[in-house]
Amino acid sequence: MIHQDESPLQPNGLQVGGSIQIRQLGLVDYLPTWEAMRNFTDARGGQDSDHIWICEHPPVFTLGLAGDPAHMLQRNNIPLVNTDRGGQITYHGPGQIVIYPLLDLRHYGLKVREYVQLLEQSVIDALVQVGVADAQRKPNAPGVYTFHNGGLAKIAALGIKIRKGCAYHGLSLNVNMDLKPFQQINPCGYEGLETVDLATIGVKISLPEMQVHLMKNLVQHLEAARSAAKA
């Protein structure tokens with residue numbers, strides 16, 4: 001079981017409209033959080049509020065529904081969870097912001113590709129605000145990247161699941177974490193892909209501060225999509 005803050009989160013003055021409830025879960029195990037997301041999605045009705053959950057996870061590898069276990073290059077004591085999101089293998093650990101938007105995409109007039117682009121753009125905008133001017137997409141490789149050591153390195157990962165028109169799972173942004181476990185996998189299925197965090201590229205910012213930047217952009221993009229869908 002995960003323990004949620006029963007009141008909407010307003011981190012450092014973040015103002016959120018009533019259409020989306022934001023909850024700060026803190027450091028929570030991956031498996032029960034995934035189960036809670038799935039249960040929330042199965043139980044919701046068409047008029048239920050959308051949620052965004054913010055958390056960190058203890059060290060864990062997760063493998064997407066169609067993921068290839070061969071992308072796990074080394075095994076150690078970090079658990080591997082086979083999950084129902086899209087995508088290949090990734091790593092979660094402390095020092096990484098994990099955002100789980102639990103959304104009825106019909107509220108926003110979004111198709112899956114448009115939703116993925118909205119999540120990526122929210123991360124890109126937040127990174128630009130803190131000085132990562134080259135934050136960008138990479139063709140045919142969902143997530144957000146920045147240049148490091150002469151090539152594109154991944155700084156944010158993305159994996160979603162759509163059930164009954166509703167989305168769960170979400171995105172992760174590396175802020176200041178132990179990156180060594182990424183060397184034990186082909187991140188998101190790409191051999192030799194470097195993974196970085198904000199600390200590695202010289203951005204000094206706390207996890208709560210970065211959460212505010214990320215959440216402001218995500219909520220703004222979602223509310224803009226909702227308004228456009230109603231027009």
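**Strands, rings and voids**

Modeller: Start with helix α1: Tyr30 and Trp34 are four residues apart in it, so about one helical turn separates them. Keep in mind that the model is predicted.

Colleague: Are Tyr30 and Trp34 buried or exposed?

Modeller: Tyr30 is buried, and Trp34 is buried as well.

Colleague: How many aromatic pairs does the structure hold?

Modeller: There are four aromatic pairs. One of them joins Tyr30 and Trp34, with ring centres 6.5 Å apart and planes at 35°.

Colleague: Why is that pair of Tyr30 and Trp34 called tilted?

Modeller: Planes under 30 degrees apart would count as stacked and over 60 as edge-to-face. The planes of Tyr30 and Trp34 are at 35°, so the pair is tilted.

Colleague: What lies over the face of Trp34?

Modeller: Arg38 does, at 4.6 Å from the ring centre. Another case is Lys138, which lies over the face of Tyr190 at 5.6 Å from the ring centre.

Colleague: Back to α1. Where does the chain go on either side of the helix?

Modeller: Strand β1 covers residues 20-27 and strand β2 residues 50-56; the two run parallel and are joined by seven bridges. Between β1 and β2 the chain passes through α1, residues 30-43, in a right-handed β-α-β crossover.

Colleague: Which residue stands opposite Gln24 in β2?

Modeller: Ile54.

Colleague: And Met37, where does that sit?

Modeller: Met37 is in helix α1. Its relative accessible area is 0%, so Met37 is buried. The C-alpha atoms of Met37 and Leu102 are separated by 7.3 Å, although the two residues are 65 apart along the chain.

Colleague: Rings again. What geometry do Tyr91 and Phe182 have?

Modeller: Tyr91 and Phe182 form an edge-to-face pair, 5.4 Å centre to centre with 85° between the planes. They are 91 residues apart: Tyr91 is in strand β5 (residues 89-92), while Phe182 is in the loop between β9 (166-174) and α3 (207-230).

Colleague: Why do Tyr91 and Phe182 count as buried?

Modeller: The cut-off for buried is under 20% relative accessible area. Tyr91 is at 3%, so Tyr91 counts as buried. Phe182 is at 7%, so Phe182 is buried too.

Colleague: Which cluster are they part of?

Modeller: Ring pairs link Tyr91 and Phe182 with Phe61 into a cluster.

Colleague: What lines the largest cavity?

Modeller: Among the lining residues are Thr90, Gln96, Lys154, Ile155, Ser172, Asn174 and Cys188. Phe182 from the ring cluster is also one of the residues lining this cavity. β8 and β9 each supply at least two lining residues.

Colleague: And which element gives the most to the cavity lining?

Modeller: β8 again, with four residues.

Methods. Residues numbered from 1 in each chain as written. Predicted model: local features only at pLDDT ≥ 70, side-chain atom pairs only at ≥ 80, totals over all residues. Heavy atoms only, no water. Pairing = 2+ DSSP bridges. Right-handed = clockwise from strand over helix to strand, strands pointing away. Phe/Tyr/Trp six-rings, centres within 6.5 Å; stacked < 30°, edge-to-face > 60°. Buried < 20%, exposed > 50% of the residue type's maximum accessible area, 1.4 Å probe, protein only. Lys NZ or Arg CZ within 6 Å of the ring centre and 35° of its normal. 1 Å grid on protein atoms, 1.4 Å probe; cavity = no way out; pocket = protein on both sides within 12 Å on 5 of 7 lines; lining within 4 Å.
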